[in-house]
Every structure is written in structure tokens, then in C-alpha cells.
Amino acid sequence: MARLIVANRRGHQVVEWDPTVDTRESRAAIEEAERIIRDARRRGCAVSRKVGDTHVLDDRPFDPHVEEYQILAPIAGG
Amino acid sequence: MFDWLRRFLLLDEAAGRRGGAALELPWMHRWHHVPKRSAGPDFRREDYRRARENAREVARATLGERLWTRVQLQGYLDVPSRRFPGLTYRLRIGRRIEVRCAPGVESPWPFAYLCINPTYPLPEEEFFAQLYLYVRDREDEVIRVAAPQPWDQMLGRTF
């Protein structure tokens, strides 16, 4: 399973999908994840992807085969 | 119309997979009214407990086992600057970044602490992991937004 972690005040919530199966649910989850990432980036959030056992910030287009994405809050001083 | 209905039903299924909770996308909301060190007036003690538990899990996954163990043991993570040789950012959970300079190195800031907050409320361990990624992978953004401060303090937008 692949997943998108949405970090929020609840700790986090996830959108999960299986990129190896072509079902209505999986396609919908992939669409949802791609839309969320696109909107979040547009509003100043950063996105990370899992590489090995850690995350790195990532500017590349959404790839449903990535094991794990995470959305990071925009940062501000003060 | 049918496309909208189909999308609505599938999103509803997705909410079901998340245990019934609607997905909260914090960048879609305004948070200026929420007091410092708070998640909002609708949060109860149990919500805070659960949020911090979730946050710990995702912070650990974000940093990886090696870094997570290190921060648990020593209470901070040091990230060497790529922009300013001899300067190190010391990250501590829920607190301002401490700027540390090697002997003979002058800091580009007038004060030793940098205040950087998330733009919406987050549990402090979760933001700590996020801030680590920003400092390591996007230092220029950190330099751009950092507010230098003369004293150490808890962050206002985490809890």
C-alpha cells in the first residue's frame, strides 16, 4: 500500500491506495491524493517523499508508485 | 452531476477507511483566532492525547529510526548549515532553533535563536520532524522566514 500523510492538528490522517491494483476505490484514492498534493503545494505547503527509512523534500510531480508522501505545513517567522 | 455524485460517494468511502473522521486539510482554514499553544476551542483533553500519540508515530516515520533514537537520547538534532560554513542549527522539540557557531565563525543573525512556526497548529513532535526536513533540504526558505530572537522560548503554533 502507498499512502499520503496529511499532518494536521490531529497528528495526522492518511489517504491510502494500492498502485498495483486497478479498482474504483484505488483510482479514487489516487485521484484524491494527487488533488490534495496539488492544492497543498499551491497554498505554500511543502511535500516530502519517503526514501529509504527517512523523508526528503520533493518538488517532483505526483507519482502513485511512491511508497509514502507527506504534506508539510508552510513555515513563518515569529 | 453524476461525476460529482460519484466523487462524493467515493470520498465518503475514503472517510470510512479513516475511521469515519473527515480528512482535515489545515491549509484550507484560517487559524488566526486560535490561541497560542492550542489546537482550537473544539479540542478536548482526549483529542490532545490522541493527536500527540499520532504525531509521535509520524515524526518517527519521517525522521527514520536512527535520527528518532538520537533525538530521544540527546533531546536535540544538530543540522550543519550548507549556506554558512561553521554554523550549526540545533533543533529541539517545541522550541526555537538555536544557532551555534564554531570558534571564529560569525553568525549572520544578531541573536542566537530563530523563531519559526508552522502556519497552522501542529503537535510539537510532528512539527519538529517537519522543521528538520526544511532545515536540511530547504535552508534558504528557513533563512528567508526566520525571526531572530534574543532568548529561547516555546513555539506558539505547536502544542
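The largest nonpolar core has 52 residues, and those with the most contacts inside it are B:Leu91 and B:Tyr132. Such a core is a set of buried Ala, Val, Leu, Ile, Met, Phe, Trp, Tyr and Cys residues joined through C-beta atoms within 7 Å, where buried stands for 20 or more other C-beta atoms within 10 Å of the residue's own, exposed for 12 or fewer, and partly exposed for anything in between, with C-beta atoms placed from the backbone. Helix H4 (residues 124-137) of chain B gives the most to this core, with eight residues. This is a predicted model, in which local features need pLDDT of at least 70 and side-chain atom pairs count only at pLDDT 80 or more, while totals for chains, interfaces and linings use all residues. Residues are numbered from 1 along each chain as its sequence is written, and chains are lettered from A and ligands numbered from 1 in the order in which they are written.

Leaving aside residues up to four places away in sequence, B:Tyr132 touches B:Leu63, B:Leu77, B:Val79 and B:Leu91, a contact being a pair of C-beta atoms, placed from the backbone, within 7 Å. H4(B) is mostly covered, since 13 of its 14 residues are buried.

Chain A contains one helix and six strands, where helices (H or I, at least four residues) and strands (E, at least two) are DSSP runs numbered from the N terminus. Along the sequence these elements follow the pattern β-β-α-β-β-β-β. The radius of gyration of chain A, taken over C-alpha atoms, is 13 Å, close to the 12 Å that the globule rule gives for 78 residues, so chain A is as compact as a globular protein of that length; the rule is 2.2 Å times the number of residues to the power 0.38. Buried residues make up 38% of the 78 residues in chain A, and the C-alpha trace spans about 45 × 25 × 25 Å along its principal axes.

Two helices can be set side by side, with the expected span of a helix being 1.5 Å times one less than its number of residues.

| Helix | Residues in helix | Span between end C-alpha atoms | Expected span |
|---|---|---|---|
| H4(B) | 14 residues | 20 Å | 20 Å |

The buried residues of H1(A) are A:Ala29, A:Ala33, A:Ile36, A:Ile37 and A:Ala40. They cover an arc of only 95 degrees around the axis, which puts them on the same side of H1(A), the arc being that of the directions from the helix axis to the C-beta atoms. On the other side of H1(A), A:Arg24 and A:Arg42 are exposed, and just after this helix A:Gly44 takes a positive phi of about 95 degrees.

In the loop between E4 and E5 of chain A lies A:Asp58, which is buried, with 20 other C-beta atoms within 10 Å. Not counting residues up to four places away in sequence, A:Asp58 touches A:Val47, A:Ser48 and A:Arg49.

Between the chains, 34 residues of chain A are in contact with 46 residues of chain B. The largest share of the side of chain A that touches chain B, six residues, comes from H1(A). The residues of that side divide into 17 nonpolar, 10 polar and seven charged, where Ala, Val, Leu, Ile, Met, Phe, Trp, Tyr, Cys and Pro count as nonpolar, Asp, Glu, Lys and Arg as charged, and the others, Gly among them, as polar.

Notes: Two residues are in contact if their C-beta atoms, placed from the backbone, lie within 7 Å.
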